[in-house]
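Student: I am new to this structure. Please show me how to read its features.

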Amino acid sequence: MLPPVETDEQWDAVVPDESVMHPGAEALCARLGLGGRPLTRFAEGSVPVYAVGEEHVLKLFPAASAGDGLAEQRVLTFLEGALPIPTPAVRAAGEYVNGWRYVLMSRLHGEGLAPAWPRIPRAGRERIARDCGEALAALHSLDAAPLAGTLAPGDWPAFLARQRAGAVDRQRERGLPAAWLEQIPGFLAATPLPTAPQRSLLHTEFMREHLITDPTGHWRLTGLIDFEPAMIGDPAYDLVAVGLFTTRADPQLLGQLLTAYGRSFEPRLLMAYTLLHVYSNLPWYLRELRPSARTLDGLAEEWFGVA
């Protein structure tokens with residue numbers, strides 16, 4: 001059995017502790033008819049995720065993030081067979097004990113794109129970029145109305161207004177230097193956002209860490225995972241993670257991706273959404289990507305410009 005996890009303190013004490021988590025996951029697997037299968041926890045992930053044998057993955061959500069578990073269940077069910085690349089199929093889902101939720105899903109085979117990336121030749125990277133563009137276009141073309149009662153934010157303009165109001169404080173808390181902080185209000189004021197954007201299903205973290213590739217030398221995408229942070233909103237919002245973590249400021253790769261996607265985006269718009277994103281951490285992006293630009297306008301072109 002798993003103990004309640006409703007506070008940060010309980011999370012820190014329970015979620016990383018395999019002496020607690022593993023028996024609870026084993027008991028759930030037995031309840032689901034998968035007792036005795038090898039159970040191996042993945043190192044990545046903010047919540048506990050286990051490979052159950054070769055064919056299943058079990059994802060556990062404590063009470064503090066039970067809403068994320070419900071979102072993942074419903075989005076994966078909605079998406080089954082709808083994209084040009086596979087997404088996990090839900091095999092079982094529901095409540096467990098003490099507020100925990102679970103999603104048992106099919107296991108997608110291949111290698112994570114992030115660890116595979118250094119070995120992928122340029123032609124393979126360009127092929128993957130095109131696969132990404134096609135997958136995103138298909139995702140954003142779906143009618144997300146059936147998920148409107150499940151996914152945030154509901155009121156997109158109100159969400160953006162809240163994000164704009166806290167943009168400077170959010171980056172200050174993350175350690176952004178004053179020379180960058182003072183640029184944020186003017187940049188956002190000078191960058192108009194769509195007043196009535198298309199409301200699309202967004203992954204929000206479309207990045208190498210959530211993509212799976214065929215490691216046999218063909219280098220095609222074989223999976224997209226982790227939909228618990230999905231939202232409904234402007235498709236451009238999804239391009240933030242793409243430019244920062246998938247194409248990583250490579251203008252040729254981003255150009256290939258957007259050509260396959262079928263639409264371009266203004267770099268300033270994507271930079272504005274970078275500042276307004278729920279996971280925005282500009283100091284981290286600066287450390288990771290090491291840009292030469294020293295202004296937000298320069299970052300927009302360097303990170304989201306295309307060749």
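Predicted model: local features only at pLDDT ≥ 70, side-chain atom pairs only at ≥ 80, totals over all residues.

**Rings, a charge and a sheet**

Tutor: Residues are numbered from 1 along each chain as its sequence is written, and side-chain values use heavy atoms, leaving out hydrogens and water.

Student: How is a pair of aromatic rings described?

Tutor: By the distance of the centres and the angle of the planes. Rings of Phe, Tyr and Trp (its six-membered ring) pair if their centres lie within 6.5 Å; planes under 30 degrees apart are stacked, over 60 edge-to-face, the rest tilted. The structure holds ten such pairs.

Student: Which rings join Phe159 and Tyr237 in a cluster?

Tutor: Trp156 and Tyr273, linked with them by ring pairs.

Student: What sits over the ring of Trp117?

Tutor: The charged end of Arg208, 3.8 Å from the ring centre. The test asks for NZ of Lys or CZ of Arg within 6 Å of the centre and within 35 degrees of the ring normal.

Student: In what order do the strands of the open sheet run?

Tutor: The order is β6-β8-β9, with antiparallel pairing. Strands are DSSP runs (E, at least two residues), numbered from the N terminus. Two strands pair if DSSP finds at least two bridges between them. β6 and β8 have two bridges; Glu111 has Thr213 in β8 as its bridge partner.

Conventions:
Helix = DSSP H or I, 4+ residues; strand = E, 2+ residues; numbered from the N terminus.
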